[in-house]
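Hi,

Here is the structure I promised to pass on, with some notes on what turned up in it. Please have a look at it first and then read on.

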Amino acid sequence: MSRLILCLEKSELKDLIKVHFAPFSFIELIFTEDPQEVVNYINMFPDVRAVISETIVKRTEAAIFIDQILTRQSLPIILFAIGDLDDLGMKTKYQFRLEDHQKMILSLKSVLGIEDNNSNNSTLNDSVSMPAHLFLHFENLPFDIYLKVQQGHDNKLIKLFNAEEPIDHLAIKKYMNRGVVDFYLKREWLKEFSKLLIKQLENRLIESLPSNESQLEAEGEVFNSLKDMVTSLGLKPQVQKLCEISMLNVQRRFSEESPFKSFLENLKSNQKLNFHFAFVQLSSLLCSQYVEHTDWPRKQKDDLMEKLVFSAFFCDMNLPSDEMLMARNEEDLLNFNSKEMDILNSHAQKIAESLKTYPNIPQDVDKIIMQHHGVMNGHGYTVFPWGGTALAAQILFYSQDLALRILTANGKKLGNVLADFESSYIESPQIEIVNKFLRSFRIESNKAS
Ligand SMILES: [Fe+2]
């Protein structure tokens, strides 16, 4: 048995693959629209040969997520990625645009050792079943269509529609409503039917291709509200994609109800948290930008990015106002009353401690959060991070600082914001981190006058 897992959303694509591969009894097709379920199936079945996934399924970066899992675990499973593939950084060599689905099917057949003229390998006898809804694509067909009914201990084929007669779509729907899943045709017509069907499905698939305009809209959805800033900063699409993956991975860690899950949901839906959400997204992007521009191995980059994005999401979750989010040093604290000061001084420590007891969080995020204001014990604020703080915490410290400067720039030019950022830290022991940020934006020479 060879299992193929299909993580697809487009019904035409599902049908197309079903028509090509269902007749082969040694192939088991498993359909899902959840990339996490793909991983579960891979762990469950040792004989998964390939995964076919659209790049985006249910608004998640499905193919990239699956590609990462296969690469990280060095699994001998081939991924066929279909969709918009610009610069996604996937390891799989089997990448196809939707328009190239025929090439994808040919490659898949070649991987499975199926030759096109082998379609007679089906173990079906003199009749072949096909999903009933596929017949709705036709007004008439050159062969008879049958329904299987049970008579005593035997199954019998009853003719539903004669060859070349109009196919009654209403009647098909009625059968389907009564639970009929498949109709039958004589086996000698399978090849002809497959040809007609493939043509139909391909036409519909091409018609379903989104226009360039709507593709563009769909792409930057996560960072839509930050589009102008992201463009001005010159953040590459790959950094955005990698950051989005980390964000999705963060969300996947909270399947059960918890204060963290509620906060994530609130962050996206509560208008009062718009600034907080923008702050989290931009800090996450800047952390990802920094990590991506290091020379570290891919896996180390991916792991650190996820830890940083996770920390960026939760490190300030108990700060109740935008003003409190903007506090960066002890001088800023003087603007708050004593109760607010207590909250500010202890927020890093409290969240780090509550996360430590929570299962399924990436290693070290409690430490990163504890130190995200540059202080070892998580209490209070500092101008430059202390020497003993973790590098990851320092990256988050500078990312948050830069994110706040950008979000509160009020019309100030980005070049000037970055120059101010640089001059504020000219005496910082971590000036190299600041310089690395600036180099990554290719504006190293643009210094404050
Ligand atoms: Fe904070």
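Which residues of α11 meet which residues of α12? On the α11 side they are Val280, Ser283, Ser284, Cys287, Ser288, Val291 and Glu292, and on the α12 side Lys301, Leu304, Met305, Leu308, Val309, Ala312 and Phe313. By class, this contact has nine nonpolar, three polar and two charged residues. Here Ala, Val, Leu, Ile, Met, Phe, Trp, Tyr, Cys and Pro count as nonpolar, Asp, Glu, Lys and Arg as charged, and the others, Gly among them, as polar. Two residues are in contact if their C-beta atoms, placed from the backbone, lie within 7 Å.

Before the rest, a word on the ground rules. This is a predicted model, in which local features need pLDDT of at least 70 and side-chain atom pairs count only at pLDDT 80 or more, while totals for chains, interfaces and linings use all residues. Residue numbers start from 1 along each chain as its sequence is written.

The two helices

Helix α11 covers residues 274–292 and helix α12 residues 298–314; their axes come within 9 Å and cross at roughly 160°. That makes α11 roughly antiparallel to α12, given that angles under 35 degrees count as roughly parallel, over 145 as roughly antiparallel, 65 to 115 as roughly perpendicular and the rest as oblique. The axes are lines fitted to C-alpha atoms, for helices over the stretch in contact, and the angles run from 0 to 180 degrees between N-to-C directions.

The contact joins Val239, Gln240, Leu242, Cys243, Ser246 and Met247 of α9 to Ser284, Leu285, Ser288, Gln289 and Glu292 of α11. Its residues divide into five nonpolar, five polar and one charged. The crossing of α9 and α11 is right-handed.

The whole protein

There are 19 helices and nine strands, taken as DSSP runs (H or I, at least four residues, for helices; E, at least two, for strands) and numbered from the N terminus. The C-alpha atoms fill a box of roughly 85 × 45 × 40 Å along the principal axes. The domain assignment gives domain 1 (2–112), domain 2 (119–187) and domain 3 (208–448); such bounds come from an automatic or database assignment. The centres of domain 1 and domain 2, taken over C-alpha atoms, are separated by 29 Å.

Of the 449 residues, 33% are buried. A residue is buried if 20 or more other C-beta atoms lie within 10 Å of its own, exposed if 12 or fewer, and partly exposed in between, with C-beta atoms placed from the backbone. Among contacts with a separation of 6 or more, 68% are between residues 24 or more positions apart.

Some single residues

Leucine 233 sits in helix α8 (residues 227–233). Is leucine 233 buried or exposed? Leucine 233 counts as buried because 22 other C-beta atoms lie within 10 Å. Leaving out residues up to four places away in sequence, leucine 233 touches Leu414 and Phe441. Leucine 418 is 185 residues from leucine 233 in sequence, yet the C-alpha atoms are 9.9 Å apart.

Isoleucine 77 is in the loop between α3 (62–72) and β4 (78–82), and is partly exposed, with 17 other C-beta atoms within 10 Å. Its C-alpha atom is 5.2 Å from that of alanine 50, 27 residues away along the chain. Beyond neighbours within four places in sequence, isoleucine 77 is in contact with Ile42, Val48, Arg49, Ala50, Val51 and Leu70.

Glutamate 164 lies in the loop between β8 (154–161) and α5 (169–177) and is exposed, with 10 C-beta neighbours inside 10 Å. Aspartate 364 lies in the loop between α15 (338–356) and α16 (365–370) and is partly exposed, with 17 other C-beta atoms within 10 Å.

Best wishes

Key. A crossing is left-handed if the near helix is turned anticlockwise from the far one by less than a right angle, and right-handed if clockwise.
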